[in-house]
Amino acid sequence: MEENKHVTIYDIAERLNLATSTISRALKDHHTISDKTIKKVKKTAEEMGFVPNTLAAGLRGNKTRTIGVLIPTVTQPFLSSLISGIEITAQKSDYTVIIMQSHDSYEEEVNMAKSLYSNRVSGVICSLAMETRDTAHFHQFSNNNIPLVFVDRVPKDYNTFRVVIDNYTAGYKATKHLIEQGCTRIAHITAGSELGNLYNERKRGYIEALKDHNVDIDEKLIINLNSVTYEDGVKASNALFDLDPIPDGLFAPGDILAVSAVQTAKKRGIKVPEEFKVIGFNNDPISQIIDPNLSTITHPAEKMGKAAAEIIIKNLKSSKNDDAKEITFLNTEVLARESTQK
């Protein structure tokens, strides 16, 4: 049985008795080829089932029109929305997107970065893994003029583009909201390394809000996690509920942690929001499903994804390298729902 084989420009050239260079130019609407020949070549190519090998063409020109996206996971709603924004913008400019997951592992992030580089991506968008403390594996892109944009979880000191929100102000707003709702013993869950300073900035906002409103800072109410999962949230919540007295409020830097706190409180007979108020972060879909509905902070994920992709595409089109700059989205807001009601 004969195997199916891909139709190439050589097959089309043989069918039409034309040079392969003529076929190649006709498929690209080259000005040196007549309209009649272009139509004939394209019609034959379609009839024969010819599909251009864009990867091979890209490798020959050292441009694959592919944007590599390296993120911790695709399962978090925030990151899913971020990817959606990247893809919407990329598709409009005829770029494809390769998505790779680090699973919050530094080692996997290093390997995935190597893979993206070996695939000759045109640009890279990355949100750092929780374990990452060294960014040397991104130098292969920067040193070879491959545009690099860090999003959300960004390194403190790396001369490249960054798309972030004002995490300090967002953390301040969340904590202030709990204070305004009458909380005086406010807990906070934080996470990650000092390198990806997203959670550190939210924690800094939390502490400053307590100071500004003369609320005591109790280190026992601050719990640091190595990863941000539902199970981690349950462990942290139980540790907080084992204290005497228990906190009367919690600012969780992610909705999944806030949801775990609400459900753990219920299991332990602690009433939300009467005895324990909770505010999360991201406005994930689950925040409106859980009972009581979760107060949270908005996070413009899709908009951030679009902005990151626009930076890559603009940089690729430009003949000069733009100075690296940071885009800060200031439009985070408190969405007050049932979990923080007085």
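Ground rules first. Residues are numbered from 1 along each chain as its sequence is written, and side-chain values use heavy atoms, without hydrogens and water. In this predicted model, local features need pLDDT of at least 70 and side-chain atom pairs pLDDT 80 or more, while totals for chains, interfaces and linings use all residues.

Now the aromatic rings. Rings of Phe, Tyr and Trp (its six-membered ring) pair if their centres lie within 6.5 Å; planes under 30 degrees apart are stacked, over 60 edge-to-face, the rest tilted. The count comes to seven aromatic pairs. Take Phe138 and Phe150: edge-to-face, 5.0 Å centre to centre, 85° between the planes. Phe138 lies in the loop between β3 (123–126) and α7 (139–142), and Phe150 in strand β4 (residues 148–151), so the pair ties together parts twelve residues apart in sequence. Helices (H or I, at least four residues) and strands (E, at least two) are DSSP runs, numbered from the N terminus. Both Phe138 and Phe150 are buried; that means under 20% relative accessible area, with exposed over 50% and partly exposed in between (1.4 Å probe, protein chains only). Ring pairs also link Tyr117, Phe138, Phe141, Phe150 and Tyr158 into a cluster.

Next, Gly205. Where does Gly205 lie? In helix α9 (residues 198–212). Gly205 is buried, at a relative accessible area of 0%. Leaving out residues up to four places away in sequence, Gly205 touches Tyr168, Gly171 and Tyr172, where contact means heavy atoms within 4.5 Å.

Last, the helices. α1 (residues 9–16) and α3 (residues 35–48) pack at about 115°, axes 10 Å apart. Axes are lines fitted to C-alpha atoms, for helices over the stretch in contact, and angles run from 0 to 180 degrees between N-to-C directions.
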